[in-house]
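Take a look at the structure below. A short briefing follows, grouped by topic.

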Amino acid sequence: MNKREVISSVAARSGVSPAACEKVINAFEDVFNEELENSTWKGSLFDKVYKLITFLGEKRNKK
């Protein structure tokens with residue numbers, strides 16, 4: 001799935017406009033990249049991705 005497809009899917013599922021979804025996804029990418037750049041531990045990339053996936057999974061399961 002490419003970025004445009006992700007934006008379309010998120011917009012369809014959330015009822016939020018594709019333009020708004022694109023802004024949020026772009027901001028998320030910026031924040032995530034900054035966190036990775038500021039990380040000092042080599043394994044932190046995997047740790048952060050795991051935490052993100054866990055967080056999103058828990059959020060989804062609460063619905």
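Where is the place of Asn 26? Asn 26 sits in helix α2. This is a predicted model: local features need pLDDT of at least 70, side-chain atom pairs count only at pLDDT 80 or more, and totals for chains, interfaces and linings use all residues. Residues are numbered from 1 along each chain as its sequence is written, and side-chain values use heavy atoms, with hydrogens and water left out.

**Confidence**
- The chain has a mean pLDDT of 85 (pLDDT is the predictor's confidence in each residue, from 0 to 100), and 92% of its residues reach 70 or more.
- Where pLDDT is low, predicted coordinates should not be read in detail.

**Helix α1**
- Helices are DSSP runs (H or I, at least four residues), numbered from the N terminus.
- Helix α1 covers residues 3-14, and its 12 residues should span 16 Å at 1.5 Å a residue. The expected span is 1.5 Å times one less than the number of residues. The end C-alpha atoms are 16 Å apart, so the two values agree.
- At the start of α1, a side-chain oxygen of Asn 2 comes to within 3.1 Å of the backbone nitrogen of Arg 4.
- Gly 15 follows α1, and its phi is positive, near 80°.

- Asn 26 counts as partly exposed because its relative accessibility is 26%. Buried means under 20% relative accessible area, exposed over 50%, and partly exposed in between (1.4 Å probe, protein chains only).
- Asn 26 and Tyr 50 are 24 residues apart in sequence, and their C-alpha atoms are 20 Å apart.
- Leu 52 belongs to helix α3. At 22% relative accessibility, Leu 52 is also partly exposed.
- Leu 52 and Phe 32 are 20 residues apart along the chain, with 9.7 Å between their C-alpha atoms.

Notes: Helix = DSSP H or I, 4+ residues; strand = E, 2+ residues; numbered from the N terminus. Polar contact = N/O pair within 3.5 Å; in protein donor to acceptor, adjacent residues only side chain to side chain.
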